[in-house]
Amino acid sequence: MTEGGTLEGRVEAILFVSGEAVRVDELAKALGVSMLEIEAALNKLRDDYDFNQRGFMLRRFGHQVQLATRALYADDVVRMLQPVQKQSLSQAAMETLAVVAYKQPVTKAEIEQIRGVKCDYSVQSLMNKNLITEVGRKEALGRPILYGTTEEFLSHFGITSLSELPPMPEQVSEEEQSDPEELLP
């Protein structure tokens, strides 16, 4: 099979057909080019898509890249395709995911201590959705599983790295907390 066309065209074809995020290093390997060349091609595609306000854009999620619908055209796509809405996460799952995102790597026991309730179902649900994954084992009694977020987590929330998460809310200091007895008449 002969290779032809531009590197940008070859990259675009792979991203278009895959439909999913693709690891940049795997893309370079598959095309037999260096990481520098693949990065240059991705930057050229991104700039071209943005300059011409194409219907899709290049999105980066950690070490992955994907073609995505440009938000500017989302209403048109929804009207045409009337897609089924993505099932939102339950409150319990969102709380569990927040603990994992901010405290990772973290064990179930640590999540449960922070939330004050069991989290088996939420952890399993988040793993099934590929938003969290096992990242190792803690060097402690029983060697409990450690959990962390995935690149799918970044993609789901439209961020490229964990550094883009909003800061944790400040803890209320003990002095600022009111004494329950002060509330009594």
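These notebook entries record what I looked up on salt bridges and aromatic pairs in this structure.

**Entry 1: basis**

I note that the model is predicted, that local features need pLDDT of at least 70, that side-chain atom pairs count only at pLDDT 80 or more, and that totals for chains, interfaces and linings use all residues. Residues are numbered from 1 along each chain as its sequence is written, and side-chain values use heavy atoms, with hydrogens and water left out.

**Entry 2: salt bridges**

I took a salt bridge to be a side-chain nitrogen of Lys or Arg within 4 Å of a carboxyl oxygen of Asp or Glu. How many salt bridges does a search of the whole structure find? I recorded ten.

I began with Arg23 and Asp25, whose side chains form a salt bridge at 3.2 Å from N to O. For exposure I used relative accessible area (buried is under 20%, exposed over 50%, partly exposed in between, with a 1.4 Å probe and protein chains only). Arg23 is partly exposed at 28%, and Asp25 is partly exposed at 37%. I also found that Arg23, Asp25 and Glu151 are linked in a network of salt bridges.

I then turned to Glu39 and Arg60, which meet in a salt bridge at 2.7 Å, N to O. Glu39 belongs to helix H3 (residues 35-51) and Arg60 to strand S2 (residues 56-61), so this pair ties together parts 21 residues apart in sequence. Here helices (H or I, at least four residues) and strands (E, at least two) are DSSP runs, numbered from the N terminus. Both ends are partly exposed, Glu39 at 23% and Arg60 at 26%.

I next examined Glu95 and Arg115, where the closest N and O atoms of the salt bridge are 2.9 Å apart. Glu95 sits in helix H5 (residues 91-103) and Arg115 in helix H6 (residues 108-115), so parts 20 residues apart in sequence are tied together. Glu95 is partly exposed, at 34%.

**Entry 3: aromatic pairs**

I counted rings of Phe, Tyr and Trp (its six-membered ring) as paired if their centres lie within 6.5 Å, with planes under 30 degrees apart stacked, over 60 edge-to-face and the rest tilted. The count comes to two aromatic pairs.

Tyr49 and Phe56 are edge-to-face, because their planes stand at 75°, with the ring centres 4.8 Å apart. I noted Tyr49 as buried at 0%, whereas Phe56 is partly exposed at 24%.

Phe153 and Phe157 form a tilted pair, 5.1 Å centre to centre with 50° between the planes. They are four residues apart in helix H8 (residues 151-157), which means about one helical turn separates them. Phe153 is buried at 3%, and Phe157 is partly exposed at 36%.
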